[in-house]
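Hello,

Here is the structure I said I would pass on.

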Amino acid sequence: MTTMTRCELCEQEGGIPVFRNDTLRVIRAEDADHPAFYRVIWNAHVAEWTDLAPADRSRIMQAVAKVETVLRERLKPTKVNLASLGNMVPHLHWHVIARFDWDGRWPAPVWAPLRERVPDAAARLGLPLAELDRHVAQALQGLTTD
């Protein structure tokens, strides 16, 4: 495991809290261009997925799958992007991002230069973000921690 003196994801939530248990948390990133952008963050500071024990690897991927499933069922996105980069913050987390053919970067990655501004992105989801967060949290309630 990697230890650091300062880590943004150890020191703060990393976004709007949606769910937390003793091993992981899910937040919604505050991204106006991609409003259905979630992160599944392992609570303990580890940098790589293979730093986790096999059961914990399964646990975090179950959470990623549950978030993706909610996004697909509730929003019907064009695509769901999954990524675990950690280049800027060496703390294990997965990005789960609902993408739409109307978003200002489509079909490029969310980190690509903006092609066009879509000022009403959250309204285009057809579901208020707070309600989407509740569905995500509800789906994660059954996630085991043992």
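Predicted model: local features only at pLDDT ≥ 70, side-chain atom pairs only at ≥ 80, totals over all residues.

**Charges and overall build**

The protein chain has four helices and five strands. In sequence order they form the pattern α-β-β-β-α-β-β-α-α. The radius of gyration is 15 Å, close to the 15 Å that the globule rule gives for 146 residues, so the protein chain is as compact as a globular protein of that length. Its C-alpha trace spans about 40 × 30 × 25 Å along the principal axes.

Of the 146 residues in the protein chain, 46% are buried. The accessible surface comes to about 7800 Å², and carbon and sulfur atoms account for 51% of that surface. If we take the contacts between residues at least 6 apart in sequence, 55% of them join residues at least 24 apart.

**Confidence**

The mean pLDDT of the protein chain is 91, and 95% of its residues reach 70 or more. Which parts have the lowest and the highest confidence? The lowest is in α1, with a mean of 75, and the highest is in helix α4 (residues 129-140), at 98.

**L9**

L9 sits in helix α1, which covers residues 8-11. Is L9 buried or exposed? Its relative accessible area is 6%, and buried means under 20%, so L9 counts as buried. Apart from neighbours within four places in sequence, L9 is in contact with G14, R25, I41, V89, H91 and H93. One of these, V89, is 80 residues away from L9 along the chain, yet the C-alpha atoms of the two are separated by 7.4 Å.

**Two backbone details**

Most residues other than glycine have a negative phi, and most peptide bonds are trans. Two places in this model depart from that, as follows.

- K76 is not a glycine, but has a positive phi of about 50 degrees. K76 is found in the loop between α2 (54-75) and β4 (79-83). With a relative accessibility of 60%, K76 is exposed, because the cut-off for exposed is over 50%.
- The peptide bond that joins W106 and P107 is cis, with omega at about 0 degrees. P107 belongs to the loop between β5 (93-99) and α3 (121-124).

Regards

Technical notes
Residues numbered from 1 in each chain as written. Heavy atoms only, no water. Helix = DSSP H or I, 4+ residues; strand = E, 2+ residues; numbered from the N terminus. Rg over C-alpha atoms; globule rule 2.2 N^0.38 Å. Buried < 20%, exposed > 50% of the residue type's maximum accessible area, 1.4 Å probe, protein only. Contact = heavy atoms within 4.5 Å. Areas by Shrake-Rupley, 256 points an atom, 1.4 Å probe, with all protein chains shown as cover. pLDDT = per-residue confidence, 0-100.
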